[in-house]
Amino acid sequence: MGILTALHMALTALLVHKGRSMLTSLGIVIGTGAVIAMVSAAGGARQKLDERLDNVGKNLILVRAGARSTNGTLTDLKPITNEDANLLRLHFRSKVSGITEFQGHIRTARTSTRSCTTMVGGTNPDMRIVRAWVVKQGRFITEEDMKKQAHVCLLCSTVHEKLFPDMPNPVGQRVRVDNLSLRVVGVLGPKGRSPIGGDQDDQIFVPLTTVQKKLVGVESLSLILTAVTDMSQLDKVKDEMAQVLREKRRVKLGQEDFDVSTVQEMASIAVIMSTTMHFLAIAIASISLVVGGIGIMNIMLVSVTER
């Protein structure tokens with residue numbers, strides 16, 4: 001039997017049983033489409049997570065007050081201070097791109113016409129390098145601002161939209177936080193959401209000395225941030241930092257009153273969930289394909305039997 005004859009017989013059979021042919025084609029389309037759609041959705045979710053990790057910084061190391069308990073929370077708080085940050089600068093300057101302190105407080109920021117509740121973070125010039133912030137307008141905090149305890153601030157994009165929605169460049173405008181009138185010296189480009197869903201752009205940055213001396217009167221830090229220059233050294237530098245802080249605070253391994261972790265560790269739960277959902281989607285899609293295949297085989301068996 002020639003190939004043309006075989007094709008003619010196949011087409012004739014398809015046309016004779018139009019309903020059966022349509023159902024068979026539908027099974028093929030649905031089964032294949034289910035596999036493609038679910039695998040693509042799972043892959044897209046993982047890609048989105050990777051993008052968020054990139055926006056936060058995969059090379060970040062965070063030092064926070066408190067020992068990590070078995071359920072992952074921080075307990076037995078003992079403040080971390082500027083002294084801890086300076087000690088890390090002394091030991092790790094050559095291994096990191098920068099070390100920056102951060103003291104964050106939820107406050108209401110006001111202009112003459114608008115207000116919003118946001119994170120007011122005291123920090124230093126290294127924050128721009130460590131977190132790779134892009135200055136969209138104006139400038140970043142400087143060492144001179146730190147020395148003078150200057151009444152200046154930087155707006156992240158979400159706060160910019162809330163306080164100055166009709167002003168593309170608010171540099172020079174005034175924002176009041178508590179009793180402090182702060183002059184806007186810069187606007188930062190957007191970073192998007194973190195792996196756990198928080199809005200990284202809902203912040204105002206103020207010189208650390210201004211926050212500590214004039215806003216809250218407390219010198220303890222929320223965290224210390226640093227970014228390694230070589231990703232292959234991330235875990236090694238993290239462990240070395242923990243050792244330096246243990247020696248400084250005179251605590252033994254396992255009895256730390258602080259926590260040193262990486263962004264990748266903090267996002268590990270999200271990574272595990274994303275990976276699990278990816279394999280689950282593949283499994284469900286495979287089942288759909290198998291079920292569709294069984295239906296197609298039954299129809300083919302009926303057709304062959306009839307013939």
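**Reading exposure, salt bridges and ring pairs**

Mentor: Lysine 148 is an exposed residue, with a relative accessible area of 58%, where exposed means over 50%, buried under 20% and partly exposed in between (1.4 Å probe, protein chains only). Before we go on, note that this is a predicted model, in which local features need pLDDT of at least 70 and side-chain atom pairs count only at pLDDT 80 or more, while totals for chains, interfaces and linings use all residues. Residues are numbered from 1 along each chain as its sequence is written, and side-chain values use heavy atoms, with hydrogens and water left out.

Trainee: Which residue does the side chain of lysine 148 meet in a salt bridge?

Mentor: A salt bridge requires a side-chain nitrogen of Lys or Arg within 4 Å of a carboxyl oxygen of Asp or Glu. The partner of lysine 148 is glutamate 144, at 3.5 Å from N to O, and the two residues both lie in helix H5 (residues 143-148), 4 residues apart, which is about one turn of the helix. Glutamate 144 is partly exposed, at 41% relative accessible area.

Trainee: Which residue forms a salt bridge with lysine 162, and where do the two partners lie?

Mentor: Lysine 162 meets aspartate 202 at 3.6 Å, N to O. This pair links distant parts of the chain, since lysine 162 belongs to helix H6 and aspartate 202 to the loop between strand S9 (180-188) and strand S10 (203-207), 40 residues apart. Lysine 162 is partly exposed, with a relative accessible area of 35%. Elsewhere, salt bridges that share partners join Glu83, Asp84, Lys248, Arg249 and Asp257 into one network, and the whole structure holds 13 salt bridges.

Trainee: Is aspartate 145, which forms a salt bridge with arginine 139, buried or exposed?

Mentor: Aspartate 145 counts as buried because its relative accessibility is 7%, whereas arginine 139 counts as partly exposed at 31%; their side chains meet at 2.7 Å, N to O.

Trainee: How many aromatic pairs are there?

Mentor: Rings of Phe, Tyr and Trp (its six-membered ring) pair if their centres lie within 6.5 Å, and planes under 30 degrees apart count as stacked, over 60 as edge-to-face and the rest as tilted. The search finds 2 aromatic pairs. In one, the ring centres of phenylalanine 102 and phenylalanine 205 are 6.4 Å apart with planes at 90 degrees, so the pair is edge-to-face. The pair links distant parts of the chain, with phenylalanine 102 in strand S4 (residues 96-110) and phenylalanine 205 in strand S10, 103 residues apart. Phenylalanine 102 is buried at 10% relative accessible area, and phenylalanine 205 is buried at 1%. The rings of tryptophan 133 and phenylalanine 205 also pair edge-to-face, with centres 5.6 Å apart and planes at 75 degrees. Tryptophan 133 is in the loop between helix H4 (126-130) and strand S6 (135-138), 72 residues from phenylalanine 205.

Trainee: Which residue has its charged end over the ring of tryptophan 133?

Mentor: The criterion is that NZ of Lys or CZ of Arg be within 6 Å of the ring centre and within 35 degrees of the ring normal. Here the charged end of lysine 191 sits over that ring, 5.4 Å from its centre.
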